[in-house]
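Here is a note for a colleague who is opening this structure for the first time. Please read the points beside the sequence and the model.

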Amino acid sequence: MERILESSQDSDPIELVMALRELGLGMGHETGDALLASHPEFFAHKPALTEAFRKMVHAQDVAEIALLLQQDADGPVSFQTVAPKSTNIGLMSSNYAYNRLNEVFNRLDFRGCQQVVMVGCGGRPFTMFRFHDQTTIRQIIGLDIVPEAVETANVLAAKLGYPRIRAELCNGLDYDYANAQVVYIANMVSPKAAVVARVADTAPEDVTIIVWDPCSLGRLWADRAEDALDPRLQVTGRTSVSQTMTRDIILKRRRSKAAGENLD
């Protein structure tokens, strides 16, 4: 672990993240969390590792978006049928990322939902594509702070025939979630806890918040919302930990204590 971290400034970003992923998977996520708890000094490497991870994701975005735009598809077509099934760049292929959400869709019922907002949609908004494929939600809105990501997400949505999807240039910290029944927050959103709090400030009482959160050594390059969870919210479910050392956590508002009711 120390050897990998000490070489972080000089290592290829992809090789660095992959080495930490292999180490984390080998030790197991519980052991990885315990290691970070006993060695908080490892978090001093988080800025450099976050930058390395972002470079890796950007490289994969560039490669896979180019492939997707070359596809002979005039829509409508499911992203699952055209998404690359393997990659030699990132931690997961687009096809794996799309299917990673199976557990979320098995756990939650999105019937009746009219609007879902995704914070940190990126240029390959596979989460939004999954929502379009599997639900009848009328508005699927993606937010990102990178203009190129917003433009590319909208181009891909149009090419694949996803009329209920649109991406907007907006920081999740500034968005008004008043009309959102579901909010999905991507793994690399930061400061993640502050975005979750913004959702709690502005969203309806019955909002469901899904946070893509890191586990184990994945916490060295991404914020974990559970570490500073807004007290108005509670975790109502967690998916299994994936090969990317991440899981989805499901948040709802805490029930208000009614007069004379003991919730202890």
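Predicted model: local features only at pLDDT ≥ 70, side-chain atom pairs only at ≥ 80, totals over all residues.

1. Residues are numbered from 1 along each chain as its sequence is written, and side-chain values use heavy atoms, with hydrogens and water left out.

2. Seven strands form an open sheet of mixed pairing, in the order 3-2-1-4-5-7-6. Strands (E, at least two residues) and helices (H or I, at least four) are DSSP runs numbered from the N terminus, and two strands pair if DSSP finds at least two bridges between them. Strand 3 (165-169) and strand 6 are the edge strands, each pairing on one side only.

3. Strand 7 (residues 246-253) has six of its eight residues buried, that is, under 20% relative accessible area with a 1.4 Å probe and protein chains only. Strand 7 runs antiparallel to strand 5 (residues 208-214), to which six bridges join it, and Ile250 is the bridge partner of Ile210. Five bridges pair strand 7 with strand 6 (residues 233-238), again in the antiparallel sense, with Leu251 as the partner of Val235.

4. Strand 1 (residues 115-119) and strand 2 (residues 139-144) run parallel and are joined by five bridges, where Met118 has Gly142 as its partner. Helix 8 (residues 126-134) packs on the sheet and touches strands 1, 2, 3, 4 and 5, contact meaning heavy atoms within 4.5 Å.

Key
Buried < 20%, exposed > 50% of the residue type's maximum accessible area, 1.4 Å probe, protein only. Axes fitted to C-alpha atoms, helices over the stretch in contact; angles between N-to-C directions.
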